[in-house]
Amino acid sequence: MTDKKVRVRFAPSPTGGLHLGGVRTVLFNYLFAKKHGGDFVLRIEDTDQTRYVEGAEEYILDCLKWCGLHPDESPVVGGPYAPYRQSERKPLYREYAERLVMEGHAYYAFDTAEELDKNRKEIPNFQYGLAYRHTLRNSLSLPQHEVDELLAAGTPHVIRIKMPEGETVSFNDMIRGYVSFETSLVDDKVLLKADGMPTYHLAVVVDDYLMKITHAFRGEEWLPSAPVHLLLWEYLGWKESMPQWAHLPLILKPDGHGKLSKRDGARLGFPVYAMSWFDAKSGELTPGFRELGFLPEAFLNLLATLGWNDGTEQEIFTLDELIEKFSIERVNKSGAKFDFEKAKWFNAEWIKQSSAGSLQFAVGKVLAGKGVVVKDEEYLTKVIGLIKDRCVLLPDFYQQAGFFFEQPKEYDLNAVKPKWTDAKTEFYHAFIALLNNEAAIEAHDLEAKFKALGEERGLKVGDVMLPFRIMLVGGKFGPHVFDIVALLGKEETISRIEKALVEFTAA
């Protein structure tokens, strides 16, 4: 750990939906910062204007808001190191790129896209680097006067890092330990593009330095870029300020073979984005965990356990518990297989342990989306308390609770009519009379009277209990029958019995 105040950042590109791996990166950054009393910074890396998608930045902010992972500094809340969009920081990057050229650590490259494509086609495994840089059009191969003329004429060019020959660069990864790279095997990455925008490689180093980032957690797919970044920290004279790095393991397909992708989710029937994302260009809607009916607490809980554990058997964690227990050293090196059934288990557990009151708003939205009008919030809370243990995803509340607000539109007649008798019809008329004489409905007491009435009439409890459930809810589901009656009340229960009897006795 450093003596400096901990500062971490999440730096997404606004190019589309937010993968659950991205949210896990946010979560681990956030947990680490809060554990150590530090700051969590959101920085938008929008330097690649060709891939920029309108609305993607707002979508990212909405995702973090839904998850409850609120940045201390961001394009929206501001902060001492603003601006937090790289496109708004464009002028400062050239200064550092030009300094690298002047000191011999980078160079101008004037090659056109067509020339580079020709090389890629003609040379197997072509890399712009040590092996070929002196045969290409750049300030290392061209005479100085020609370079000066090209620059003076405004000839389009990029600035590339000059990777040294035969050196080994190393760093200590907080998850993987000591990692080394041979510089001769790495190509000369572009640092500044022809439009003056920096690439990720330059921008991430400059911004991390200027924003005083102390720890950088990112996916392991960025590990091959580490030697470029290590050298930039050194060449710019900032090596002592370089953040500690941790490269997080991949989230893998359910079979463990390869990184989990959007296509895998579509193929296997589960979301991989935090929230649904609509791509205006393609017209494609990619579903998200929120819209499927996940609670944000459950979503964060399942992400935390993908590649991390606290060393105990505990699986259900609140955000505060995660902050208290989180340790980057307990993040696994190997990838974590995504299990959607386990994800649903987390959600079911969170629904169970959430108070009925805390679920009221979310369930109310589900019911409203199905056209159900909730007039009494206290009644809704009672309904939620009765059925929440039966729900896995939030839409399940409609199936489990809809009948509390509207009478069944249809009945499972196949479960009733084949065994229906006049004796059963008479039983329910007698039960209606019994209900009319009840001053108040109490579930346990009414159940005892219901069973006693059946015995008097020579009917088995099962013969009348299942039809009664179907009268009330329409099918063979729902909580305890007399708990339903207690919530519906006497008049509504009688109304449902009478309506169902018409259907049950029809020819």
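Trainee: At what angle do the axes of helix H14 and helix H19 cross?

Mentor: Two packed helices are described by the angle between their axes and the distance between the axes. Here, the axes of H14 (residues 377-387) and H19 (residues 481-488) cross at roughly 175 degrees and come within 11 Å. Angles over 145 degrees count as roughly antiparallel, so H14 is roughly antiparallel to H19. Keep in mind that this is a predicted model.

Trainee: Which residues make the contact?

Mentor: H14 brings Tyr379, Lys382, Val383 and Leu386. H19 brings Asp483, Ile484, Leu487 and Leu488. By class, the contact of H14 with H19 has 6 nonpolar residues, 2 charged and no polar ones.

Trainee: How do H10 and H12 pack?

Mentor: Read the angle and the distance again. H10 (residues 296-304) packs on H12 (residues 340-353) at about 135 degrees, with the axes 9 Å apart. H10 and H12 are therefore oblique to each other. The crossing of H10 past H12 is right-handed.

Trainee: Which residues of H10 and H12 meet?

Mentor: Glu297, Ala298, Asn301 and Leu302 in H10 meet Ala343, Phe346, Asn347 and Trp350 in H12. They divide into 5 nonpolar, 2 polar and 1 charged.

Trainee: Now the core. How many residues does the largest nonpolar core have?

Mentor: That core has 116 residues. Phe338, Phe404 and Phe468 have the most contacts inside it. Helix H1 (residues 20-35) gives the most to this core, with 9 residues. Another core, of 39 residues, lies apart from it, and includes Tyr96 and Leu231.

Trainee: What does Phe468 touch?

Mentor: Leave out residues up to four places away in sequence. Phe468 then touches Tyr428, Phe431, Phe450, Val481, Phe482, Val485, Thr493 and Ile497.

Terms used: Residues numbered from 1 in each chain as written. Predicted model: local features only at pLDDT ≥ 70, side-chain atom pairs only at ≥ 80, totals over all residues. Heavy atoms only, no water. Axes fitted to C-alpha atoms, helices over the stretch in contact; angles between N-to-C directions. Helix = DSSP H or I, 4+ residues; strand = E, 2+ residues; numbered from the N terminus. Parallel < 35°, antiparallel > 145°, perpendicular 65-115°, else oblique. Left-handed = near helix turned anticlockwise from the far one by under 90°. Contact = heavy atoms within 4.5 Å. Nonpolar A, V, L, I, M, F, W, Y, C, P; charged D, E, K, R; others polar. Core = buried A, V, L, I, M, F, W, Y, C linked by side-chain atoms within 4.5 Å. Buried < 20%, exposed > 50% of the residue type's maximum accessible area, 1.4 Å probe, protein only.
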